[in-house]
Amino acid sequence: MNRLLMAFPARLRRKHGAELIETMVEMAGPGGRPTAADRARLVLDGLRERFRPPARRPLAVVAAVLALLVGGALGAAAGSWLGTFGYAALPDVKALGERVLPQVEHASGAGNYMYVQGPLTAGADARQAAEQIRQRLTADGWRTGAVQDGADVHFPAHGEGVQLDVHVYPEVSLVDLAGWPSRPGSYVPLTVAGLLLGLAGGWLAGVALAHRMQAARRPWRSVALASAGLLLVVPSAVGFVASLLRYLTVTEPLGTGELVHPYGFAFGPTIDLLRAYDLGEGWYLTPSDFQQLPLYGFALIVVAAILARPRREFEAVA
């Protein structure tokens with residue numbers, strides 16, 4: 001019976017524990033155990049109470065909806081991060097650069113992103129240089145796209161689960177090659193699964209906190225802390241979702257390939273998103289700042305939950 005009681009939220013077990021036990025004893029009958037149908041009905045009743053927000057409390061519903069959305073974003077972040085374990089390994093960036101670029105001045109590879117840069121040979125034609133690099137990549141086993149002209153000369157390349165982006169900048173006489181893993185087939189299903197679990201978990205957490213604050217001795221203290229916490233978390237959640245949508249839909253990715261987890265788990269906007277909307281370097285907040293905000297926000301929400309101690313009429317334990 002104790003396991004059946006756990007289906008009900010703690011607030012109901014504290015306030016109506018005796019009545020719940022009496023109901024279970026009546027259901028048990030002479031056999032001493034409720035039927036499978038009765039047990040299923042009790043579990044469903046308990047789960048329904050866990051999902052039910054406080055009655056006639058519109059602000060509590062708003063908070064639960066915000067928690068739902070933040071939970072969904074956090075779940076999508078966790079699911080998409082798990083999806084990165086299906087990424088292909090990147091090639092040796094320095095060795096690749098030495099094989100295909102005219103010269104190599106700088107090469108770096110960290111996490112799921114690599115970058116190599118070198119000078120354009122003095123007097124060389126940018127398009128011809130790009131075509132030579134494309135031919136070397138083709139000979140190296142890469143599938144290359146057509147060379148395109150614009151503010152710079154560039155073309156894409158693909159191979160072994162890795163995507164490359166080659167740019168030649170004639171105005172500054174530079175050539176760079178950036179690379180990142182292609183999105184694996186498991187990425188989207190894991191992201192969707194994380195999203196759904198996060199939505200459910202966010203709503204449950206928001207409803208539980210709303211009920212706890214409703215029963216608190218000093219509710220406004222907890223309300224203020226929880227509101228401040230949500231205000232700190234929401235910008236990173238919105239930024240992450242926007243970045244994730246770009247990663248899943250943009251056909252010509254910017255910078256780091258629009259990766260939302262280029263160097264490990266991340267929960268916030270990418271530098272590519274900020275640059276796309278002209279909010280990149282030099283703006284008030286950087287991607288690393290957005291990574292820190294949720295930590296402070298969730299800490300405030302935890303403190304709010306701890307301080308929301310129930311009033312005496314809610315403390316009787318059955």
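**Salt bridges**

I counted the salt bridges in this predicted model and found six. I looked up three of them individually.

I began with aspartate 45, which forms a salt bridge with arginine 48; the closest N and O atoms are 2.3 Å apart. I noted that about one helical turn separates the two, because they stand three residues apart in helix α3. I checked the exposure of each partner. Aspartate 45 is partly exposed at a relative accessible area of 24%, and arginine 48 is also partly exposed, with 44%.

I turned next to arginine 127 and aspartate 149, whose side chains meet in a salt bridge at 2.9 Å, N to O. Arginine 127 belongs to helix α6 (residues 126-139), while aspartate 149 sits in the loop between β3 (143-144) and β4 (153-159), so this pair ties together parts that are 22 residues apart in sequence. For arginine 127 I recorded a relative accessibility of 38%, which counts as partly exposed. Aspartate 149 is exposed, its relative accessible area being 53%.

**Glutamate 49**

I located glutamate 49 in helix α3, which spans residues 36-51. Its relative accessible area is 19%; I therefore list glutamate 49 as buried, since the cut-off for that class is under 20%. Which side chain does glutamate 49 reach by a polar contact? I found the side chain of arginine 52, at 2.8 Å. Setting aside neighbours within four places in sequence, I recorded contacts of glutamate 49 with Pro9, Arg11 and Leu12.

**The sheet**

I traced an open sheet of six strands in the order β1-β2-β6-β5-β4-β3, with antiparallel pairing.

I then followed β1 (residues 106-110) against β2 (residues 113-119); they pair in the antiparallel sense over five bridges. For alanine 110 I identified tyrosine 113 in β2 as the bridge partner. The two strands form a hairpin with two residues between them, and I noted that glycine 111 in the turn has a positive phi of about 60°.

Further into the order, I examined strand β5 (residues 162-169) and strand β6 (residues 174-181), which run antiparallel and are joined by eight bridges. Within this pairing I found valine 166 opposite leucine 177 in β6.

**Nonpolar surface patch**

My last entry concerns the surface. I recorded a nonpolar patch of about 360 Å², made by Val61, Val62, Val65, Leu66 and Leu69. I placed one of these residues, leucine 69, in helix α4 (residues 58-83).

Notes. Residues numbered from 1 in each chain as written. Predicted model: local features only at pLDDT ≥ 70, side-chain atom pairs only at ≥ 80, totals over all residues. Heavy atoms only, no water. Helix = DSSP H or I, 4+ residues; strand = E, 2+ residues; numbered from the N terminus. Buried < 20%, exposed > 50% of the residue type's maximum accessible area, 1.4 Å probe, protein only. Polar contact = N/O pair within 3.5 Å; in protein donor to acceptor, adjacent residues only side chain to side chain. Contact = heavy atoms within 4.5 Å. Pairing = 2+ DSSP bridges. Patch = residues over 30% accessible without salt bridge, like charges linked within 9 Å, V, L, I, M, F, W, Y side chains within 5 Å. Areas by Shrake-Rupley, 256 points an atom, 1.4 Å probe, with all protein chains shown as cover. Salt bridge = Lys/Arg side-chain N within 4 Å of Asp/Glu carboxyl O.
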